[in-house]
Amino acid sequence: MAMPLLVLHVSGQDRPQVPAIRISEKIVLDGRLDEPAWDAATPIGDLIQQQPDTGQAPSENTDIYVLFDADTLYIGVIAHDSEPDRIIATSMARDGSISSDDRIEILLDTFRDQRNAYYFATNPAGASVDGLAYGNGKLNTDWDTIWDLRTQRTDDGWTVEIAIPFKSLSFPANDSTWGFNFSRNIYRKLEQDRWSGARLEADFLNVSEAGSITGLSGLNQGMGLDVRPFIAGSWLSNRESGDDHDFDPGLDIFYNITPNLKFTGTINTDFGETEVDARQINLSRFSLFFPEKRAFFLEDAGVFDFASTGPVPPGGIAGTGADVYPFFSRRIGLLQGEEVPMILGGKLTGTIGSRDVGILYAQTDSTDLVGKKDFIVARFKQNIFEQSYIGGIFTDGHSTAGNSGQTYGVDLHLATSNFLDRRNLVFDAYLLKGKTDGISEKDLSYGFWIRYPNDKWDAKFVFREIQENFNPGIGFVQRKNVRMYRVAGSYNPRPKNFLNIQQAFHDIYYTHFERLDTGKVESYELYITPLDWHFYSGDSLHALADVSHRFERLFEPFRIAPGVILPVGDYRFNRSKFVVSTARKRPLSGSLNIGWGEYWSGHAEEVSLSFTYKLPPWITASVRTRQTFAHLPEGDFTARVHSATLNLTLSRSLTFSNLVQYDNRSRILGWQSRMHWTIKPGSDFFVSFNQGWEHDNAGRFSFYPTESKVSVKLQYTFRF
């Protein structure tokens with residue numbers, strides 16, 4: 001290989017900038033980097049440790065090469081490793097979890113807006129992970145595009161060849177410079193190395209920390225049109241309603257109207273390949289949140305992100321329970337747990353000048369529960385400064401029968417990474433009006449939050465008000481008629497040479513709710529984490545004795561479990577918990593969470609236990625259980641949720657996944673088995689089998705079948 005080239009730096013920011021190398025010869029994608037073009041190229045520059053030894057040279061060398069021709073961007077990586085037999089690669093599935101593997105990650109900020117970027121990642125087993133980084137720190141890995149890669153294990157480490165067609169990306173035709181960043185993780189050492197922005201205060205997804213690659217001219221995007229016809233069929237056997245079957249064609253269309261404005265359309269949409277929801281038992285007074293999993297709504301979902309959610313607390317600390325979503329896509333095509341057929345849908349997403357825009361239209365068919373419905377969502381963000389925006393949103397539609405609704409709102413996001421000597425500071429504010437069926441008073445929600453999110457110190461203050469008639473027709477809100485405050489602080493030092501601790505976390509969170517109609521306190525919680533130690537071994541002692549002091553005021557009786565009703569009144573209770581987890585780099589890993597103490601009018605014990613076994617890179621199996629044993633004067637109850645997964649990956653293109661779940665509230669045992677075969681990038685075949693059984697109380701293991709469903713889907717992409 002040629003000697004490294006001289007890296008230029010952007011003035012004042014220490015951001016590397018290098019030219020990509022144009023080639024004329026063909027690259028055979030085999031992971032070997034043995035073509036003359038690779039040998040003649042020069043690496044883009046050295047990486048720098050982000051952790052554990054910030055600012056130092058990496059413990060292992062990495063050579064990165066960026067080549068391109070008219071049609072494709074090629075990225076080659078030689079990841080040297082002095083202990084190649086200790087390289088960790090546990091998954092090769094498409095979009096599989098590689099967070100506990102050795103891996104490389106790439107960001108491409110094609111518009112250089114320092115907020116949004118394409119994300120690509122892989123590990124030594126060749127897993128393909130892609131996504132959209134948005135909001136200068138968030139990631140949506142449910143976005144998929146057409147690209148390819150190959151990896152090879154060597155006596156000196158491992159190598160990667162990546163090919164990303166320019167037809168898979170949006171970029172301005174008149175700008176030959178893209179934002180670019182690269183990260184390598186050596187998981188057994190908990191080491192992270194970066195090309196640009198190797199500061200502890202900077203997450204890799206902070207696109208504003210990226211360097212750049214230049215010289216990308218003469219690129220071919222073709223017509224910018226992908227046509228993906230599909231055929232889908234299903235067979236359903238229900239104990240009560242009998243058998244039913246369905247077989248229909250459909251069509252997905254992706255068209256780049258301009259280099260930076262994309263249309264996504266779908267006709268006769270089928271979601272038969274979608275994974276089922278994870279079971280939950282609701283022991284709170286408020287609605288549970290289930291994430292979106294359907295591909296059409298997940299693609300470019302970051303465009304519709306709004307400032308009324310967040311900030312996200314660290315793991316182990318509950319959210320506020322009062323996030324507000326003016327647009328929640330699960331309100332379209334799902335009603336009371338049943339699927340509502342979607343006739344067609346369309347999305348226009350991208351940028352116009354310095355403005356991000358998103359427009360969505362969907363139409364659902366009539367069922368026994370609801371008639372035909374139309375839904376509209378419009379979103380814009382006017383980018384200001386380097387990392388900030390001011391935006392607006394509008395939605396029209398309501399998922400339930402006989403109702404209509406509209407939501408209007410504005411939001412403001414101000415962020416900087418140059419506060420007090422390159423520290424992060426974020427401020428968000430929003431105002432929403434959500435009305436249903438003409439109700440136009442007490443239908444607002446508004447609030448703001450400010451956060452100082454940095455490695456050693458993290459502090460935040462959140463204020464939010466949700467009025468009693470606020471009802472976003474195709475949105476989601478957990479509780480109403482409340483005003484909420486949250487104040488929190490975390491001290492997270494990295495002690496040197498003390499008990500092999502990588503970082504120690506100490507958190508204090510206080511959350512307060514009061515009713516708007518009476519002004520009385522509805523609830524509050526003081527949560528303290530005195531000790532959360534993460535070790536260089538990868539093991540974690542997340543909680544030795546976390547302390548939670550809670551107050552709950554019931555204004556009406558609360559049915560917490562069948563036959564157990566808590567009366568109106570005030571409840572104060574204190575709880576503690578112990579949480580430990582072992583390093584995920586091991587073949588067998590697990591976690592244990594035990595909670596105990598007072599609980600409403602009595603006391604309760606909570607136990608969560610999980611084990612995961614990996615036979616890299618083919619098999620991952622896990623078992624999880626969560627149980628609550630409550631003892632109250634109003635009655636005792638037990639809440640149980642059990643689940644098990646078995647995922648088998650025969651190759652990079654063929655995976656089988658199985659999920660079995662049971663909860664004692666619904667008494668339903670469910671099994672989903674899915675096969676995903678990637679014929680070639682962009683063309684797939686899915687088979688999904690779902691079976692349900694209900695516990696009949698005749699015996700501990702006595703179940704009878706309730707519903708069986710088989711779904712198949714074949715899709716093929718034609719690119720123009």
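T320 lies in the loop between helix 2 (295-298) and strand 19 (324-325), where helices (H or I, at least four residues) and strands (E, at least two) are DSSP runs numbered from the N terminus. This is a predicted model, in which local features need pLDDT of at least 70 and side-chain atom pairs count only at pLDDT 80 or more, while totals for chains, interfaces and linings use all residues. Residues are numbered from 1 along each chain as its sequence is written, and side-chain values use heavy atoms, with hydrogens and water left out.

T320 is buried, at a relative accessible area of 12%; buried means under 20%, exposed over 50%, and partly exposed in between, with a 1.4 Å probe and protein chains only. Leaving aside neighbours within four places in sequence, T320 is in contact (heavy atoms within 4.5 Å) with R464, R479, M484, R486 and F513.

Of these, R479 has its charged end over the ring of F286, 3.9 Å from the centre, the rule being that NZ of Lys or CZ of Arg is within 6 Å of the ring centre and within 35 degrees of the ring normal.

Turning to rings, the count is 36 aromatic pairs, with Phe, Tyr and Trp (its six-membered ring) pairing if their centres lie within 6.5 Å, and planes under 30 degrees apart called stacked, over 60 edge-to-face and the rest tilted. Y446 and F463 form a tilted pair, 6.3 Å centre to centre with 45° between the planes, and this pair links strand 28 (residues 444-453) to strand 29 (residues 457-466). Y446 is partly exposed at 27%, whereas F463 is buried at 13%.
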